[in-house]
Amino acid sequence: MNWVLLLALAVLLTAAVMNQRSAGTASADEEKIAIAGIPVGTVREVMKAMVDPNAETVWGAVGVVHEKSGTVEKEPRTEEEWTSVENSAMALAEVGNLLKMPGRHIARPEEAGTTRWPEATLTPAQIDERLANDRVAWDKAADALRAAAMKAFAAARAHDKNGVFTVGEEIDNACESCHIVYWYPVGTPPGAPSQAAP
């Protein structure tokens, strides 16, 4: 009688352990999906919604404005204005991470033949192909944007107007170094076959 009870307990314990293991595997798989994420917007949409407005905030925070009444030096003067620059710089830095997310396409398929972005000299499919052929270069460009944006964030947090002004050029260079490879490559007429990235 005791051996039947022991056998039943052993079966129950084994089932409980197996159930716990499979639950652990499921939660680990779910965690991997959560960490990896699933792209929602295309690269063009991320640029339009996140890069453009936040870069404009950083670039426009410090400078000289020429008006009819004279020249005015522009800079953040309140804590709220500095926080706005910080937030925009942080958003730009996070875009660097978003651009490296696997599976994000340049544009939606229905936009392939549109002139919504007339400045592009390659089609979305050609840009996707170029990106796939040299993912290391793409990730490096995204890292450069993130690094420059983090400098802007640190400068804004320190209320360093010269630092914000200086790093604005670095952000612009990070953007353009990517654009000239993937967006409007020099010497590539619209609709021309994609070539290897320089």
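Reader: Hi! Where does H159 lie?

Author: Hi! H159 lies in the loop between helix 5 and helix 6. Helices here are DSSP runs of H or I with at least four residues, strands are E runs of at least two, and both are numbered from the N terminus. Keep in mind that this is a predicted model, where local features need pLDDT of at least 70, side-chain atom pairs count only at pLDDT 80 or more, and totals for chains, interfaces and linings use all residues. Residues are numbered from 1 along each chain as its sequence is written, and side-chain values use heavy atoms, with hydrogens and water left out.

Reader: Thanks! What is the phi of H159?

Author: H159 has a positive phi of about 55°, although it is not a glycine. Most residues other than glycine have a negative phi.

Reader: Which residues have the most contacts inside the largest nonpolar core?

Author: Those are L99, I106, W138, V164 and I171, in a core of 39 residues. A nonpolar core is a set of buried Ala, Val, Leu, Ile, Met, Phe, Trp, Tyr and Cys residues joined through side-chain atoms within 4.5 Å. Helix 2 (43–61), helix 3, helix 4 (124–133), helix 5 (135–157) and helix 6 (161–182) each supply at least two residues of this core. Helix 5 gives the most, with ten residues.

Reader: What is I106 in contact with, leaving aside neighbours within four places in sequence?

Author: I106 is in contact with T42, V43, R44, P124, I127, D128, L131, W138 and W183. Contact means heavy atoms within 4.5 Å.

Reader: Now helix packing. At what angle do helix 5 and helix 6 pack?

Author: About 165°, with their axes 9 Å apart. That makes helix 5 roughly antiparallel to helix 6. The axes are lines fitted to C-alpha atoms, for helices over the stretch in contact, and angles run from 0 to 180 degrees between N-to-C directions. As for the labels, under 35 degrees is roughly parallel, over 145 roughly antiparallel, 65 to 115 roughly perpendicular, and the rest oblique.

Reader: Which way is that crossing handed, left or right?

Author: The crossing of helix 5 and helix 6 is left-handed. Left-handed means that the near helix is turned anticlockwise from the far one by less than a right angle, and right-handed means clockwise. Among the residues that meet are W138, A141 and L145 in helix 5, and V164, V167 and I171 in helix 6.

Reader: What about helix 3 and helix 5, how far apart are their axes?

Author: Their axes are 8 Å apart, and the angle is about 165°. Helix 3 is therefore roughly antiparallel to helix 5, and passes it in a left-handed crossing.

Reader: And at what angle do helix 2 and helix 6 cross?

Author: Roughly 140°, with the axes coming within 8 Å. They are therefore oblique to each other. V58, W59 and A61 of helix 2 make the contact with V164, G168, I171 and D172 of helix 6.

Reader: Switching topic: where is S88, and is it buried or exposed?

Author: S88 lies in helix 3 (residues 79–99) and is buried, with a relative accessible area of 5%. Leaving aside neighbours within four places in sequence, S88 is in contact with N54, T57 and V58.

Reader: Last one: where is P76 found?

Author: P76 is found in the loop between strand 2 (70–74) and helix 3. P76 counts as buried, at 6% relative accessibility. Beyond its neighbours within four places in sequence, P76 is in contact with A61, V62, E81, W82 and V85.

Key: Buried < 20%, exposed > 50% of the residue type's maximum accessible area, 1.4 Å probe, protein only.
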